[in-house]
Amino acid sequence: MNYSPFEYLLISIANAAGLDKLTFEDRIQWCKNQSKNLYTLVDEADDKALYLKGIQELQRVVSGQTDSHYMMGLDACSSGIQVLSCLTGCMTSAAECGLVYPNIRSDIYTRLAAVMNEFLPVDRHIGINPEAFSRQDLKEPFMVFFYGSNATPRNTFGEGTPELKAFHAATKKMCPGAVAVMEDILGCVDEERTRYEWTMPDGFEVKTKVVVPVDIKVELQELLTEGGNPSTFTHRVYREGKNPFYVAVIANLTHATDSLVIRELKRRAGTNRDKLQAVYDYLGSIGVVPDLYATEKFVSLRKIENYHNEPRAIQEKLMAIIEQVLDYPAYDVVCVHDEIKASPVHMNNVRELYKEILAEIAESDMLQDILRQLYNDSALVYIKEGDGNLLAKTIRENSQYALS
């Protein structure tokens with residue numbers, strides 16, 4: 001589903017008003033229905049500044065002005081789960097975050113409440129009993145659970161409670177691939193290691209230290225107690241050290257992949273087209289043929305920096321990516337975490353790029369490459385939880401709300 005720049009402007013206004021859980025069509029219609037009342041609703045908007053900026057831009061457009069520097073943003077729908085779904089090829093997990101169903105704007109936290117209720121007695125249902133937990137209460141434990149934390153869900157729901165058991169049952173039912181891969185990632189944790197390092201497909205190096213708390217006793221000779229002894233206090237610092245219970249490698253891997261997606265999107269949106277055309281023409285002149293499926297490796301557009309020395313299969317996939325990128329002009333993209341901002345003129349392409357990059361991750365062996373580095377085992381074989389090629393096809397053909 002493509003939309004006009006004007007319709008994207010209406011979507012942006014509705015998002016700022018707090019209606020980003022609706023379908024795009026409903027957001028557009030809401031703005032049209034409220035066209036005469038938009039200014040009166042400023043104080044009710046979730047983000048007043050962005051809402052006011054949007055309706056001021058709308059006023060400019062309606063008055064006939066065409067020169068605009070307005071940028072709107074769309075958020076990824078649970079980017080962490082999106083990344084883990086694609087790395088593992090898990091269709092079930094992907095369906096919960098806007099990658100599978102074309103006409104559903106996924107809301108993973110509302111969905112979590114509903115699935116937890118399947119495992120809870122009626123009087124303890126989430127969001128129904130005013131004394132029970134709300135949808136808002138589920139966000140933090142769900143998010144950090146997929147970063148490897150079991151402590152936060154325990155602190156939220158209580159040790160051994162029906163809610164904690166329902167939470168774990170629901171997460172496994174909703175996101176089986178994401179849950180399963182956490183064990184694969186944590187298998188590399190070694191109590192003797194003080195850092196974990198790997199290289200992402202675009203050449204960026206991830207270097208993470210294991211940081212542990214160290215308590216230091218500080219003595220102040222200049223400040224005496226009533227008994228005439230030096231005052232003391234304990235100061236806690238965090239230093240690189242050993243931790244057999246280190247789980248942050250899950251979060252670090254997810255964040256590193258999330259960052260890769262953003263870097264790659266910015267490259268494909270903004271790279272100099274003349275340079276890309278020159279690379280494309282040269283590869284064509286030596287007989288390379290574009291083939292997006294020539295290799296299972298995730299191929300970054302950054303490969304144009306050393307394309308002469310890349311293997312033939314990488315060159316073929318690189319040509320296919322360049323061919324896609326050359327179909328549209330370069331434009332500016334600004335990213336704040338997983339919110340992607342661009343002119344409404346280019347937002348159709350932003351959504352297509354985001355989908356395409358996730359699809360390429362799904363059909364690649366990226367996670368196997370990373371696990372080989374984490375385990376220091378070049379022969380390690382990772383078998384995906386699902387069919388990555390089928391997931392990639394589904395994302396390309398169906399996904400409408402990967403960004404919303």
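Tutor: Let us begin with His-337, which is found in the loop between β6 and β7. Helices (H or I, at least four residues) and strands (E, at least two) are DSSP runs, numbered from the N terminus. This is a predicted model, in which local features need pLDDT of at least 70 and side-chain atom pairs count only at pLDDT 80 or more, while totals for chains, interfaces and linings use all residues. Residues are numbered from 1 along each chain as its sequence is written, and side-chain values use heavy atoms, with hydrogens and water left out.

Student: What is the phi value of His-337, and is the residue buried or exposed?

Tutor: Buried means under 20% relative accessible area, exposed over 50%, and partly exposed in between (1.4 Å probe, protein chains only). His-337 has a relative accessible area of 73% and is therefore exposed. Its phi is near 55°, a positive value in a residue other than glycine.

Student: Where else does a residue other than glycine have a positive phi near 55°?

Tutor: Asn-376 has such a value. Asn-376 is placed in the loop between α15 (366–375) and α16 (388–398). With a relative accessible area of 71%, Asn-376 is likewise exposed.

Student: How should I read the pairing of the strands β6 and β7?

Tutor: Two strands pair if DSSP finds at least two bridges between them. Here, three bridges join β6 to β7 (residues 339–342), and the two run antiparallel. Val-334, for example, has Lys-341 in β7 as its bridge partner.

Student: In what order do the strands of the open sheet lie?

Tutor: The three strands follow the order β1-β7-β6, with antiparallel pairing. β1 (72–75) and β6 (334–336) are the edge strands, each pairing on one side only. From one strand to the next, the twist averages 25°; axes are lines fitted to C-alpha atoms, for helices over the stretch in contact, and angles run from 0 to 180 degrees between N-to-C directions.

Student: How many bridges join β2 to β3?

Tutor: Five bridges join β2 to β3 (residues 205–209), in an antiparallel arrangement. Arg-195 stands opposite Lys-209, and Thr-199 stands opposite Glu-205. The hairpin has five residues between the strands, and Gly-203 takes a positive phi near 90° there.

Student: Which residues are in contact with Val-100, leaving aside its neighbours within four places in sequence?

Tutor: Contact means heavy atoms within 4.5 Å. By that criterion, Val-100 is in contact with Met-91, Ala-94, Ala-95, Thr-394 and Asn-398. Val-100 is found in the loop between α5 (91–95) and α6 (108–118), and at 8% relative accessibility Val-100 counts as buried.

Student: How far apart in space are Glu-352 and Ser-399?

Tutor: Their C-alpha atoms are 9.4 Å apart, although 47 residues separate them in sequence. Glu-352 lies in helix α14 (residues 347–362) and, at 41% relative accessibility, counts as partly exposed. As a second case, Val-100 and Ser-259 are 159 residues apart along the chain, with their C-alpha atoms separated by 22 Å.

Student: What describes the protein as a whole?

Tutor: The protein has 16 helices and seven strands, and its C-alpha trace spans about 80 × 60 × 55 Å along its principal axes. Buried residues make up 48% of its 404 residues. Among contacts between residues at least 6 apart in sequence, 70% join residues at least 24 apart.
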